[in-house]
Amino acid sequence: TWAFDDQSYPRVRLETLAISDVLEYVQENRLQWISGKAVYLEVSACPAHERRNKALKWLRLVDEWQEYTADVDKFAKRLVRQGLGEWDARHVATAEIAGCACLLTTDQALSRRAGKLPKLSVKVMNPTEFIVEDMPCTFLLCPLRRWITRCMSWWCV
C-alpha cells in the first residue's frame, strides 16, 4: 500500500481511494501525469526513508517531467506576490506552463487560495473532487487529460 495518512478519518480514506483510482488510470493510459521537478525535490528531501522510497516508486509512473524553466520561475514569483507560498507557487506555475487541465492536491488551503487567483487556467482540486466531478466528463470528451499532482500532503508529511 502507498497510503501514509491515518485511514481512520473518512476524508482521508476517500482521498486515498481517489488517488488510487487516478494512479490506476495513469497506468492504463487513460490519464497523463505531468509532474514538476519541485515535486521530485520535495519527495527526495523527505526524512522518512520508507515514505520517501514509496513515493519515489510512484513517481516512476510520471509520463512527462516539466522542467523548472525561466517562464515557470517568473510565473511562480507572480503567484507568490498574489499570496501563494513559494513551493505552492512553483507547483501551480509548473502545471500552468505545462498546459495541465488540473493540479491535484489534498492541501485544502492551496485549493482555496488558487481558486481565488485571477487568470489561472489550471484547475487546482482535490483528487476526490476530480474523480466525482471531473472524470465522467473526461471520458466523454477526451480519454487523455494532462494533470500534475502536488503530492506532498499525502506522500510525505
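Helix α2 and helix α3 (residues 49-59) pack at an angle of about 155°, their axes lying 9 Å apart, where helices are DSSP runs of H or I with at least four residues, strands are runs of E with at least two, and both are numbered from the N terminus. The axes are lines fitted to C-alpha atoms, for helices over the stretch in contact, and the angles run from 0 to 180 degrees between N-to-C directions. α2 and α3 are therefore roughly antiparallel to each other, a term that covers angles over 145 degrees. The crossing of α2 and α3 is left-handed, that is, the near helix is turned anticlockwise from the far one by less than a right angle.

The model is predicted, so that local features need pLDDT of at least 70 and side-chain atom pairs count only at pLDDT 80 or more, whereas totals for chains, interfaces and linings use all residues. Residues are numbered from 1 along each chain as its sequence is written, and side-chain values use heavy atoms, with hydrogens and water left out.

Tyrosine 40 is partly exposed at 39% relative accessibility, and tryptophan 65 is partly exposed at 28%, where buried means under 20% relative accessible area, exposed over 50% and partly exposed in between (1.4 Å probe, protein chains only).

Lysine 37 is likewise found in helix α2 and is partly exposed, at 31% relative accessibility. Although lysine 37 and tyrosine 68 are 31 residues apart in sequence, they are 6.5 Å apart in space, C-alpha to C-alpha.

Elsewhere, the charged end of arginine 90 sits over the ring of tryptophan 87, 4.4 Å from its centre, the requirement being NZ of Lys or CZ of Arg within 6 Å of the ring centre and within 35 degrees of the ring normal.

Zero disulfides are found in the whole structure, a disulfide being a pair of cysteine sulfur atoms within 2.5 Å. The sulfur of cysteine 100 is 7.8 Å from the closest cysteine sulfur, that of cysteine 102, and is therefore too far for a bond. Cysteine 100 is buried, with a relative accessible area of 4%, and cysteine 102 is buried at 0% relative accessibility.

Definitions and conventions
Angles under 35 degrees count as roughly parallel, over 145 as roughly antiparallel, 65 to 115 as roughly perpendicular and the rest as oblique.
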